[in-house]
Amino acid sequence: MRILGVLAVALLCAGCGERAADTHPAGHGPAVASSAAGIRLTGGGVFSAPEPRASVIAYDTTLVPPGATARVTAESGAVLATSTITVTGMLPGRTYGAHLHVNPCGLKPEDAGPHYRHAHAHASAQNEVWLDFTTDARGEATATTTRDWAFVAGRLPRSLVIHAEPTRTAGAEAGTAGPRVACITLMPS
């Protein structure tokens, strides 16, 4: 059993010595203890106006109405990463782009930094976490995706950004999804 635990931690830290161009600078990621149990990050609540220490922010209240909520989980074990977003109170029948980003939310939409990428590579659904969702008639939606790689302790996603448009999946604009309209900071749980 001890050998399995050591192997799980070794797999979880595989690639710890590598950093993609758009990852956290050393010492700027959340403190997370690696274990055989994996990594779990969560965030959510009612969207509020941008202000210091706000963790669930609406930058555009036309697309993210007052009272809208979100709940995000991003977790991984030794070889898989699964992320989920659930929203309520958003505009009905609308598709939004959503991606994990490298920095926590801030006063400005660009404070969340670039997309979290697993490896040095171009933007793609296999190298990043895209959670686009389309709301129902009540403005509710849930999206989940699983990747065949794990988050690396010390280089974790720090937020989920909601974009105004669906994610473009091909060409030079792959990975783009229009303006950043909301942000949810992720914390270890």
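Predicted model: local features only at pLDDT ≥ 70, side-chain atom pairs only at ≥ 80, totals over all residues.
Entry on the backbone at Arg53. I noted a positive phi of about 70 degrees, although Arg53 is not a glycine. I placed Arg53 in the loop between strand S1 (39–46) and S2.

Entry on Ile57. I then asked where Ile57 lies, and found Ile57 in strand S2, which covers residues 56–58. Is Ile57 buried or exposed? I recorded a relative accessible area of 0% for Ile57; the cut-off for buried is under 20%, so Ile57 is buried.

Entry on the surroundings of Ile57. Setting aside neighbours within four places in sequence, I listed its contacts as Phe47, Ser48, Ala49, Pro50, Cys105, Gly106, Val181, Ala182 and Cys183. I also checked Gly44, which is 13 residues from Ile57 in sequence and lies 9.6 Å away, C-alpha to C-alpha.

Entry on the pairing of S2. I found that S2 and strand S9 (residues 180–185) run antiparallel and are joined by three bridges. Within this pairing, I noted Ala58 opposite Ala182 of S9.

Entry on the sheet. In which order do the five strands of the open sheet stand? I wrote down S2-S9-S8-S5-S6, with antiparallel pairing. S2 and strand S6 (133–134) are the edge strands, each pairing on one side only.

Note on methods. Residues numbered from 1 in each chain as written. Heavy atoms only, no water. Helix = DSSP H or I, 4+ residues; strand = E, 2+ residues; numbered from the N terminus. Buried < 20%, exposed > 50% of the residue type's maximum accessible area, 1.4 Å probe, protein only. Contact = heavy atoms within 4.5 Å. Pairing = 2+ DSSP bridges.
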